[in-house]
Amino acid sequence: EAFATGRSEILRQVAAAAPLESTMRSLVELVDDRLGTGAVAVLPLGTGDEGRTFCAVPSPPGRLESLVHATGLPPAGEVRIIDDLGVLQGVPDVVTALRTDRWGGVAVVALTGTVAGTGSGRTGAAGALVWLMPEGHRPDAAALDTLRGAAELAAIAIERERAERDLAHRALHDELTGLANRHLLVDRLEQALNRAKRRGRHLALVFLDLDRFKTINDTLGHDVGDSLLRQFAERLRLLVRPEDTVARFGGDEFVVLVEHLVDEQEATLIADRLAGAGTEPFDLGGRQLAVTASVGIVIGKGDEQPGALLRNADTAMYRAKELGRNRTEIYDHRLE
């Protein structure tokens, strides 16, 4: 009855979108109270979850992630008991911890929980629940039922957090290229303008538009066009510093936000480097194709509005197209 009540409370926390750390703390404490011996931990499985472990008190010894993966996770819903330290020789720090502290010849019970119908396709599992027991202890049927139920609860909570994380990412990133989208770019531009004003430094917006992209799309097909956009986006990403922002503004338009500039000449050099991202031919389904870009630059000093800067960069880019494409223009008011 107590476990059922605790299970309902954990599901309530999941429904209320409570922080995953808090929900997992409640879960491992519930299982720890129920089993009365050993230590319980939850290990999320999947991209972006590396190094995240939710443990009850007392914490299990050593690096739990290494221990669990070294023993090998069982298929979803199954239980695997490992009490042979020989399987852990690949992670000597864990072996040392097991042999030297109070756990002795510990046995490991690992269960993998899944959420049916999520379609995540990451690892086939949302998380593993692990019970570390003192030497000589073995779980009975009731303990295994508790562990199975807890593993499913952990999977539900972990998958809910992943779904929220994915939604938040999609709201701020371009689906095709993975770059920042217009909303995230404007947000970062606002912050960059505030920093530029405080520090007395310049920033630049570099607006790039691929030349004759519509012709490529129409003659070679949208799949080829999408592949070109993805590859061009990746080249831009590799040409900038980690603190700069590369965004897909729409269609074949890209904007790069560069901070901490000394002068206009530095911005021009950066823009020329970005414009050259398409000169090395792209592999497009067996076709080798190079592209050029028309580029507009606008310099910001901190007093401008994000929308105005973006419009000015766009104006400079269109001026570059009017003058023959494959060139760079710096905005000034005479372009209006």
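Helices (H or I, at least four residues) and strands (E, at least two) are DSSP runs, numbered here from the N terminus. Two strands pair if DSSP finds at least two bridges between them. The structure is a predicted model, in which local features need pLDDT of at least 70, side-chain atom pairs count only at pLDDT 80 or more, and totals for chains, interfaces and linings use all residues. Residues are numbered from 1 along each chain as its sequence is written, and side-chain values use heavy atoms, with hydrogens and water left out.

**First stop: strand 8**

Next, display strand 6, residues 202–210, whose antiparallel pairing with strand 8 runs over seven bridges. Here D209 stands opposite E253.

**Second stop: helix 7**

Move to residues 213–220, helix 7, where F213, I216 and N217 are buried. Viewed down the helix axis, these buried residues fall within an arc of 95°, so they line one face; the arc is that of the directions from the helix axis to the C-beta atoms. The face turned away from the buried side carries the exposed residues K214, D218 and T219. Strand 6, helix 8 (222–239) and strand 10 (287–289) are among the elements that cover the buried residues of helix 7. Just after the helix, G221 takes a positive phi of about 105°.

Select R325, in the loop between helix 10 (306–322) and strand 12 (328–330). R325 is partly exposed, with a relative accessible area of 34%. Leaving aside residues up to four places away in sequence, R325 touches D211, R212, S294 and A320, where contact means heavy atoms within 4.5 Å. The C-alpha atoms of R325 and S294 are separated by 5.2 Å, although the two residues are 31 apart along the chain.

**Last stop: helices 2 and 5**

Finally, show helix 2 (residues 20–35) with helix 5 (residues 141–172). Their axes come within 10 Å and cross at roughly 180°; axes are lines fitted to C-alpha atoms, for helices over the stretch in contact, and angles run from 0 to 180 degrees between N-to-C directions.

Conventions. Buried means under 20% relative accessible area, exposed over 50%, partly exposed in between (1.4 Å probe, protein chains only).
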